[in-house]
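Good morning, and thank you for the time on today's agenda. Let me put the sequence and the structure on the screen, and then take you through them region by region.

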Amino acid sequence: MKIASFNINGIKARIEALPAWLDEAEPDVALLQEIKSIDENFPREIFEDRGYNVETHGQKGFNGVAILSRLPLEDVSRGLPGDPDDEQARWIEATVMGDHAAVRICGLYLPNGNPAPGPKYDYKLAWMERLRARAQELLTTEEPVVMAGDYNIIPQNEDAARPEVWARDALALPESRAAFRRILNLGFTEAFRARTQGPGHYTFWDYQAGAWNKNDGIRIDHFLLSPQAADLLTDCQVDKDIRAREKPSDHVPIWITLDA
């Protein structure tokens with residue numbers, strides 16, 4: 001089972017690039033972030049024609065997450081538990097039925113949190129505490145669980161080409177990294193680091209200041225796997241070259257394969 005995560009930075013802007021990547025990469029499941037569309041306006045036919053089931057949790061002009069799956073989806077739910085007043089579309093869950101196992105897949109778009117300190121940073125940390133609580137609940141099922149998406153967290157200095165530039169950014173502040181580690185320490189495996197070590201691996205390059213040409217990137221898109229999912233992991237890669245194509249997102253896809 002190949003599962004990909006891709007912050008597309010707007011479905012309208014990626015209306016040609018996204019289907020082209022899907023045709024080439026052929027993921028069984030694609031988790032999308034920042035679709036920036038209400039559910040009714042999401043161009044689901046483009047993906048249904050390619051054999052994907054489409055589930056969205058959209059919001060006008062901002063945020064928004066989606067699951068595209070060639071495999072059957074069950075028990076779809078939208079919204080991260082813990083705050084009934086939270087109207088931001090940042091979380092979607094579903095169970096994907098593989099050949100050998102059912103996998104609970106959670107697609108997320110974690111708040112950016114800038115400027116920090118401030119209310120946006122408070123919201124980020126509160127959201128991460130809700131994420132930790134949900135992650136703990138999911139572990140109790142003892143089933144394969146995958147939590148993937150744009151975490152807006154630079155886990156360590158080696159995950160940035162120029163860590164000093166990000167030292168006071170919400171993506172790299174000590175409180176942000178500690179909140180991320182609290183989730184990992186529940187028993188999750190960070191899939192990319194389970195397969196690849198060392199610096200120089202990124203999933204995001206800003207549109208400004210020639211960041212892509214200078215490889216001035218950061219690694220903020222992650223797959224967290226429960227122990228049962230980690231046992232099924234066979235690969236995790238980043239489709240870096242997508243960033244050099246026409247009308248790219250500022251993120252690139254990251255994907256895993258599971259023996260499921």
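Predicted model: local features only at pLDDT ≥ 70, side-chain atom pairs only at ≥ 80, totals over all residues.

I begin with cysteine 106, which is buried, at a relative accessible area of 0%. Throughout this talk, buried means under 20% relative accessible area, exposed means over 50%, and partly exposed is in between, with a 1.4 Å probe and protein chains only. Residues are numbered from 1 along each chain as its sequence is written, and side-chain values use heavy atoms, with hydrogens and water left out.

How many disulfides does a search of the whole structure find? The search returns zero, where a disulfide would be a pair of cysteine sulfur atoms within 2.5 Å. For cysteine 106, the closest cysteine sulfur belongs to cysteine 236 and is 16 Å away, which is too far for a bond. Cysteine 236 is likewise in no disulfide, and cysteine 236 counts as buried, at 0% relative accessibility.

Let me turn to the sheet. Six strands form an open sheet with mixed pairing, and their order is β5-β6-β7-β8-β12-β9. Strands here are DSSP runs of E with at least two residues, helices are runs of H or I with at least four, and both are numbered from the N terminus. Two strands pair if DSSP finds at least two bridges between them. Which strands stand at the edges? They are β5, residues 73-78, and β9, residues 189-190; each has a single partner strand, so one side of each is left without a neighbour in the sheet.

Within the sheet, strand β7 (residues 102-109) and strand β8 (residues 145-150) run parallel and are joined by six bridges. Isoleucine 105 stands opposite valine 146 of β8. Contact means heavy atoms within 4.5 Å.

What does α5 turn towards its neighbours? Its buried residues are Ser176, Arg177, Ala179, Phe180, Ile183 and Leu184. Seen down the helix axis, the buried residues of α5 fall within an arc of 160 degrees, so they line one face of the helix; the arc is that of the directions from the helix axis to the C-beta atoms. These buried residues pack against α3 (119-139), as well as β8, β9 and β12.

Serine 176 deserves a separate word. Serine 176 lies in α5, which spans residues 174-184, and is buried at a relative accessible area of 0%. Leaving aside residues up to four places away in sequence, serine 176 touches Tyr121, Lys124, Leu125, Met128, Ile153 and Ala170.

Next, the aromatic residues. The structure holds six aromatic pairs. Rings of Phe, Tyr and Trp (its six-membered ring) pair if their centres lie within 6.5 Å; planes under 30 degrees apart count as stacked, over 60 as edge-to-face and the rest as tilted. Phenylalanine 42 and phenylalanine 47 have ring centres 5.6 Å apart and planes at 25 degrees, so this pair is stacked. Tryptophan 205 counts as buried, at 0% relative accessibility. Tyr202, Trp205 and Trp212 form one aromatic cluster.

I close with the backbone in the loops. The peptide bond from asparagine 114 to proline 115 is cis, with omega near 0 degrees, and the bond from alanine 116 to proline 117 is also cis, with omega near 0 degrees. Proline 115 is in the loop between β7 and α3, and proline 117 is found in the loop between β7 and α3.

Glutamate 34, although not a glycine, has a positive phi of about 55 degrees. Glutamate 34 is in the loop between β2 (29-33) and α2 (44-48), and counts as buried at 14% relative accessibility. Asparagine 215, also not a glycine, has a positive phi of about 55 degrees. Asparagine 215 is in the loop between α7 (211-214) and β11 (217-218), and is partly exposed, with a relative accessible area of 27%.
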